[in-house]
4 protein chains.
Amino acid sequence: MRFAMIGTAFMGTAHSHALHDAAAFFPDLPVRPVKRVLIGRREARAREMAERWGWEEWATDWREAVRRPDVDAVIVGTPNHLHHPMCLAALEAGKHVLCEKPLATTASLADDLAAAAARAGVCHGVAFNYRRVPAVVLARRLIEEGRLGTIRLYRGTYLQDWLLDPSLPVTWRLRVDEAGSGALGDILSHAIDLARYLVGEIAEVVSDLTTFVAERPAPDGGRASVTVDDRAAVLVRFIGGAVGSLEATRFATGRKCANGFEIFGERGSVRFDLERFNELEYYTQDDAPEARGYRRILVTEREHPYLRAWWPPGHTIGWEHTFVHQIHDFVAAAAGGRAFAPDFVEGAACQRVLDAAMRSHASGAWTAVPGPGGAARG
Amino acid sequence: MRFAMIGTAFMGTAHSHALHDAAAFFPDLPVRPVKRVLIGRREARAREMAERWGWEEWATDWREAVRRPDVDAVIVGTPNHLHHPMCLAALEAGKHVLCEKPLATTASLADDLAAAAARAGVCHGVAFNYRRVPAVVLARRLIEEGRLGTIRLYRGTYLQDWLLDPSLPVTWRLRVDEAGSGALGDILSHAIDLARYLVGEIAEVVSDLTTFVAERPAPDGGRASVTVDDRAAVLVRFIGGAVGSLEATRFATGRKCANGFEIFGERGSVRFDLERFNELEYYTQDDAPEARGYRRILVTEREHPYLRAWWPPGHTIGWEHTFVHQIHDFVAAAAGGRAFAPDFVEGAACQRVLDAAMRSHASGAWTAVPGPGGAARG
Amino acid sequence: MRFAMIGTAFMGTAHSHALHDAAAFFPDLPVRPVKRVLIGRREARAREMAERWGWEEWATDWREAVRRPDVDAVIVGTPNHLHHPMCLAALEAGKHVLCEKPLATTASLADDLAAAAARAGVCHGVAFNYRRVPAVVLARRLIEEGRLGTIRLYRGTYLQDWLLDPSLPVTWRLRVDEAGSGALGDILSHAIDLARYLVGEIAEVVSDLTTFVAERPAPDGGRASVTVDDRAAVLVRFIGGAVGSLEATRFATGRKCANGFEIFGERGSVRFDLERFNELEYYTQDDAPEARGYRRILVTEREHPYLRAWWPPGHTIGWEHTFVHQIHDFVAAAAGGRAFAPDFVEGAACQRVLDAAMRSHASGAWTAVPGPGGAARG
Amino acid sequence: MRFAMIGTAFMGTAHSHALHDAAAFFPDLPVRPVKRVLIGRREARAREMAERWGWEEWATDWREAVRRPDVDAVIVGTPNHLHHPMCLAALEAGKHVLCEKPLATTASLADDLAAAAARAGVCHGVAFNYRRVPAVVLARRLIEEGRLGTIRLYRGTYLQDWLLDPSLPVTWRLRVDEAGSGALGDILSHAIDLARYLVGEIAEVVSDLTTFVAERPAPDGGRASVTVDDRAAVLVRFIGGAVGSLEATRFATGRKCANGFEIFGERGSVRFDLERFNELEYYTQDDAPEARGYRRILVTEREHPYLRAWWPPGHTIGWEHTFVHQIHDFVAAAAGGRAFAPDFVEGAACQRVLDAAMRSHASGAWTAVPGPGGAARG
């Protein structure tokens with residue numbers, strides 16, 4: 001499966017590495033991913049990165065590259081506002097597409113992409129990579145096996161602090177036209193995706209969005225406004241009856257990548273914090289009363305999701321491995337003619353929650369999350 | 001200072017113990033608290049408990065007892081709906097009053113008590129005992145010293161699971177007429193008080209209240225409705241500009257007494273969980289970049305709040321000690337003619353947040369927290 | 001049961017408090033402990049403390065006091081070298097005796113006390129209070145129930161740092177004639193007692209004793225030698241076949257009261273650290289392979305040892321409660337004509353391990369721990 | 001730099017991956033490592049692995065392969081008894097050599113290799129990969145900067161449980177002729193290397209070696225004796241005056257890869273556990289008394305060792321990254337004509353500690369660790 005990838009920054013590196021390791025560590029993969037062409041705006045950067053990572057070619061014109069007949073699949077790892085045109089072009093060229101999150105800058109554009117993906121009949125996916133943390137997959141397994149009973153309460157967070165310094169300049173992530181939103185789309189989107197993955201569809205939300213630092217240096221001198229939120233909090237009600245709260249910020253002094261959750265069911269609960277990547281905490285009422293307690297499961301056993309491919313127990317893995325698992329699953333799905341989850345339909349569903357959160361913040365009231373195309377759901 | 005106490009259950013024991021230990025461990029106390037009379041509805045229970053705990057007398061008629069000339073101070077440790085008449089009677093008799101939380105079942109009754117307390121000119125306090133956890137006081141000190149910089153984000157919880165079993169019968173805590181509310185008044189009130197203590201006054205809230213088990217066995221056979229919430233979540237905006245979220249439930253499977261907070265400021269942050277009573281986590285940007293991290297402060301040093309009275313470093317104390325500190329501070333305040341914090345004015349302020357949360361849940365929208373007597377604060 | 005207590009310092013406070021709380025919190029106690037007479041060298045101190053803690057009388061002549069006909073039981077809470085004469089006098093007067101640890105300054109003196117106790121036919125105990133931490137008792141229960149299988153490996157520590165400051169003066173604890181040894185007898189004795197309690201008798205040891213700060217200010221000016229160890233480490237072999245290591249020091253910068261253990265058996269393991277008093281970690285191979293992990297048991301449930309007397313789940317207790325449990329068990333044993341564990345026989349057994357460790361350090365070789373009176377055991 | 005590697009099992013995978021990632025993630029590397037030839041006993045296995053990992057060739061005759069003129073460096077990743085002949089051949093052929101630990105099965109063979117390496121004038125290293133955990137390197141930095149003051153006490157462990165199941169058959173790791181020793185050489189060697197890296201040279205030891213399961217299934221049916229230790233514990237005295245204890249076992253039920261240490265100095269301390277790969281705990285007396293506590297440093301900042309090559313803060317890495325760092329450093333050293341640490345001289349020094357531990361176990365007494373060639377050091 002010959003890949004083109006657009007994007008040469010953080011995500012470009014993560015996916016390049018994943019394309020290599022997925023092939024090497026997972027001999028069960030039916031086809032080998034090939035790093036055909038890397039596309040970047042600046043040629044020097046694209047070339048340097050292509051050579052470093054073993055891409056066969058590099059290019060600067062993404063429109064041309066995504067149409068190449070020697071490309072089977074496209075990874076889109078660019079700023080959010082470019083996802084829509086790039087994915088659309090790739091889909092129209094009949095390529096499989098794996099797009100970075102959030103899928104688009106608005107629910108309407110996301111819905112449009114979901115429709116285009118359906119028309120194209122290819123494999124499509126959104127890179128909510130945290131669905132591929134072994135501990136997270138284990139949490140879902142425990143839930144599916146009924147070990148928590150009916151889920152009642154979900155508490156999700158994504159706390160970082162990399163925007164603390166007010167002298168950091170404005171980048172695309174801080175501009176609403178390019179990013180769509182701030183902490184909301186960047187990281188609360190992950191929290192929403194995990195909530196949807198682990199509990200189910202969200203029916204309605206009430207939100208609060210806050211901008212702590214409203215002005216920053218402009219990249220080219222002078223000052224520029226921050227036009228997105230720095231912190232997003234939502235209370236949520238799931239369609240299935242559970243309730244919850246989600247909060248994300250890039251100003252949580254001391255927390256670096258605290259993408260976590262606590263899930264409480266009738267019979268048990270689980271807890272996770274990405275800063276302790278290899279651990280899942282699990283509590284069950286089934287244990288004898290005097291011996292109940294949260295188990296710190298070190299998720300590095302052969303019985304654990306994806307771990308058979310890696311190292312002996314206790315030999316930890318890390319963040320980048322989520323991308324390896326993602327590429328593995330995407331290639332396996334595309335090669336096997338199966339759907340990848342989350343696909344663009346799910347990506348759009350997440351986007352509609354983001355949109356509802358923005359509308360709720362504007363109105364100050366609980367807001368229903370609509371179905372595809374804005375249709376009422378219930 | 002001669003005490004009368006109404007209540008012979010959980011809180012009665014906690015206060016009885018505190019009256020003993022405050023005198024024994026704090027020789028600086030200007031007057032010694034005397035356990036004059038214990039009041040309980042059922043004589044046998046009152047007598048047994050009085051003998052066990054060294055109360056000089058017991059009684060069953062609280063109206064008479066709170067007026068006794070040989071009583072200087074009254075502790076009210078009864079179900080919530082009794083706080084108002086009992087406190088009122090004690091205040092009118094000119095006694096110092098320490099009342100269990102929440103102060104009343106409605107903001108209006110709480111405001112009434114605050115007014116009565118002001119008229120009485122005595123010492124009055126609400127037993128939000130978690131203000132006397134040494135780690136919590138230390139957190140406040142760090143904040144007051146400016147070590148966290150301006151506070152931006154507050155995340156509070158109070159998670160328990162003692163109502164999980166649906167065969168537990170309805171008690172006064174599950175009836176709106178006696179309790180006022182459920183998790184909201186019982187434990188979210190603690191979270192609100194700590195938020196107010198550590199950050200400041202709350203301006204507005206949006207809330208969600210959930211009842212997971214709507215019907216339970218009635219104490220006398222048959223079934224009875226649960227008429228309060230089992231879980232309360234609020235997003236809050238503080239007057240000073242900080243924002244936050246608070247959540248409380250008695251259905252958090254696996255969490256026993258997780259009264260905790262995370263507070264993020266411009267320069268640092270602190271974290272606390274009551275299940276690890278003797279620990280405070282503290283992070284500061286002032287540490288060298290390569291050596292930054294949350295410090296697990298074992299709050300058992302002589303330099304720590306209240307600890308000089310207790311044991312050598314590392315020799316932990318526990319939940320009951322908050323009551324000892326509370327009695328110590330109350331007796332010292334009353335004897336010295338000083339105010340105790342939180343007093344009834346603060347108790348009423350907390351109650352207005354609870355009321356606003358209930359109104360928000362009904363309206364589905366952000367709701368301003370009024371000032372005393374329901375006045376707009378804006 | 002009328003108590004005399006010798007000692008007005010740290011241990012005196014702990015026992016005074018325990019005598020009060022044991023009666024108040026444990027209504028099942030067949031007799032009520034009475035604080036008859038407190039004995040201290042300095043009258044002013046004894047008087048102040050007696051008044052503060054409700055001792056009926058105070059005295060300065062311990063020889064006379066322990067013989068009083070209105071005294072049934074004696075607590076010895078003085079420097080180590082006084083344990084032998086005081087216990088001997090109390091035993092000869094037919095009193096029940098609870099002595100602080102270590103029982104004596106040498107194995108020979110401890111054996112002598114054990115013999116005297118047997119002759120006296122009273123209840124005798126050594127205040128190894130950590131046998132009364134609920135989490136420790138729970139650990140023993142799990143072991144007794146076979147949940148760990150055969151024990152193979154024991155790792156014990158007692159790490160403190162209160163001697164770090166070299167300007168602290170020499171006290172009795174740093175003089176071999178008064179203390180017998182340093183970290184060895186003061187705190188490794190606790191680790192040895194727990195090892196014996198949880199695994200069984202120790203057959204042989206090899207040790208290392210280290211003095212980090214050999215000279216300190218003398219209390220009366222000038223300099224004085226430290227004549228005891230600052231750190232003691234031993235490798236041990238248990239009679240039952242298990243092996244282990246124990247280490248104690250008062251120079252473990254950052255550790256305040258890290259009295260802990262890890263116990264590994266064929267089927268499971270447990271871990272404990274006194275700094276997290278209310279927690280026991282437990283791992284079992286019986287859990288499903290994908291869900292194995294150390295459970296953090298919050299040892300505050302009604303099902304847990306001693307907890308029925310205290311507070312609801314999650315409402316933690318602390319260090320002082322071990323003394324309350326100890327008094328409870330001692331009074332119950334003495335009143336019921338039963339033995340208390342650990343008694344003087346066990347105290348002497350512990351002392352023989354301490355002696356063997358000192359001899360091993362001198363010889364540089366593995367050293368057998370003898371039986372009572374120095375008899376070979378094997 | 002063209003590599004040959006002997007070994008196609010666990011270590012072969014780890015090094016293959018490292019050769020790829022070192023080039024991709026570290027563009028500062030002066031030369032690119034090339035995967036020239038992979039050598040395995042069984043051709044099918046060698047071929048499969050070579051194809052999977054991008055080795056240009058594969059071979060079965062290591063004697064021939066290590067002499068090839070198109071090979072610059074050799075990695076030896078085979079059972080312990082093969083290290084000596086293979087390293088010797090590679091050194092004699094003038095190749096740089098990176099050998100798995102322990103360097104040999106006896107100190108004498110290790111000394112021999114160290115001498116051969118000195119004669120060869122090439123770059124030589126022993127793959128004690130845990131020196132390349134960022135948290136461990138940070139610990140060393142803190143020590144070198146004097147932040148802990150003089151080190152007094154070192155406590156090291158390496159606890160695993162993968163041998164728990166008595167039905168696991170005997171492999172080379174359980175045969176003294178092939179492995180040299182059991183837990184001692186396999187994992188206590190890591191603990192010794194870290195102790196030497198972080199504190200310094202060890203002067204003398206006293207040890208205990210235990211075999212818990214003495215007989216297991218033979219690979220070809222029947223039963224076979226386990227001829228190595230299952231657990232090794234040593235008390236150590238460092239030349240510099242510090243003291244310590246080290247313990248390793250593969251029977252620590254519940255611990256998977258607990259390679260850890262606690263280091264106590266006059267002014268501070270650090271703690272590490274490989275199961276929490278990305279964390280270092282650090283305590284300093286320099287903090288204000290009321291705010292002292294172990295800092296959990298999340299070692300994922302750009303300021304941290306090796307981290308500039310990886311991901312943003314909080315995006316964790318794992319066990320395999322130690323091999324990437326190791327290859328990076330080895331290639332950089334070899335290309336730059338510099339020594340790699342630990343080299344064969346250090347590998348032999350470690351081996352002499354292992355030998356001393358074995359002799360101490362036999363004699364039951366403290367045993368001096370000799371210098372190179374068995375020379376007395378003191």
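**Stop 1: strand β11 of chain A**

Select A:T210 and A:R231. A:T210 stands opposite A:R231, which lies in β11(A). This is a predicted model, so read every position on the tour as a prediction. Now show the two whole strands. Strand β8 (residues 202-210) of chain A and β11(A) run antiparallel, and eight bridges pair them.

Turn to the next partner of β11(A). Strand β12 (residues 243-249) of chain A is joined to β11(A) by seven bridges, again in the antiparallel sense. Pick A:L235 and look across: A:S245 in β12(A) stands opposite. Follow the chain from β11(A) into β12(A). The two strands make a hairpin, with four residues between them. Stop at A:G241 in the turn, where phi is positive, about 110°.

Is strand β11 of chain A enclosed, or open? Select residues 231-238: six of the eight are buried, so the strand is largely enclosed by the rest of the structure.

**Stop 2: helix α6 of chain A**

Select residues 134-144 of chain A, which form helix α6. Colour A:P134, A:A135, A:V136, A:L138, A:A139 and A:L142; these residues are buried. Residues three or four places apart on an α-helix point the same way, because there are 3.6 residues a turn.

What covers the buried residues of α6(A)? The cover includes α8 (183-198), β14 (268-273) and β15 (279-284) of chain A. Show those elements next. Then step just past the end of α6(A) to A:G146, which has a positive phi of about 85°.

**Stop 3: two helices in chain B**

Move to chain B. Select helix α5 (residues 107-120) and helix α10 (residues 344-363). Their axes come within 8 Å and cross at roughly 170°. The pair α5(B) and α10(B) is therefore roughly antiparallel.

From α5(B), show B:A107, B:A110, B:D111, B:L113, B:A114 and B:A117. From α10(B), show the residues they meet: B:F344, B:V345, B:G347, B:A348, B:Q351, B:R352 and B:D355. Colour by residue class. The contact of α5(B) with α10(B) has eight nonpolar, two polar and three charged residues.

**Stop 4**

**Stop 5: where chain D touches chain C**

Keep both chains on screen. Chain D superposes on chain C by a rotation of 180°, with 0.0 Å of shift along the axis and an RMSD of 0.0 Å. The two copies are thus related as by a two-fold rotation axis. To find the axis from chain D, select D:A365: its C-alpha is the nearest to the axis, 2.0 Å away. Finally, compare the two sides of the interface. The copies meet through the same surface, because 100% of the interface residues of chain D are also interface residues in chain C.

Notes
Residues numbered from 1 in each chain as written. Chains lettered and ligands numbered in written order. Predicted model: local features only at pLDDT ≥ 70, side-chain atom pairs only at ≥ 80, totals over all residues. Axes fitted to C-alpha atoms, helices over the stretch in contact; angles between N-to-C directions. Parallel < 35°, antiparallel > 145°, perpendicular 65-115°, else oblique. Contact = placed C-beta atoms within 7 Å. Nonpolar A, V, L, I, M, F, W, Y, C, P; charged D, E, K, R; others polar. Buried ≥ 20, exposed ≤ 12 C-beta atoms within 10 Å, placed from the backbone. Pairing = 2+ DSSP bridges. Least-squares fit on C-alpha atoms with pLDDT ≥ 70 in both.
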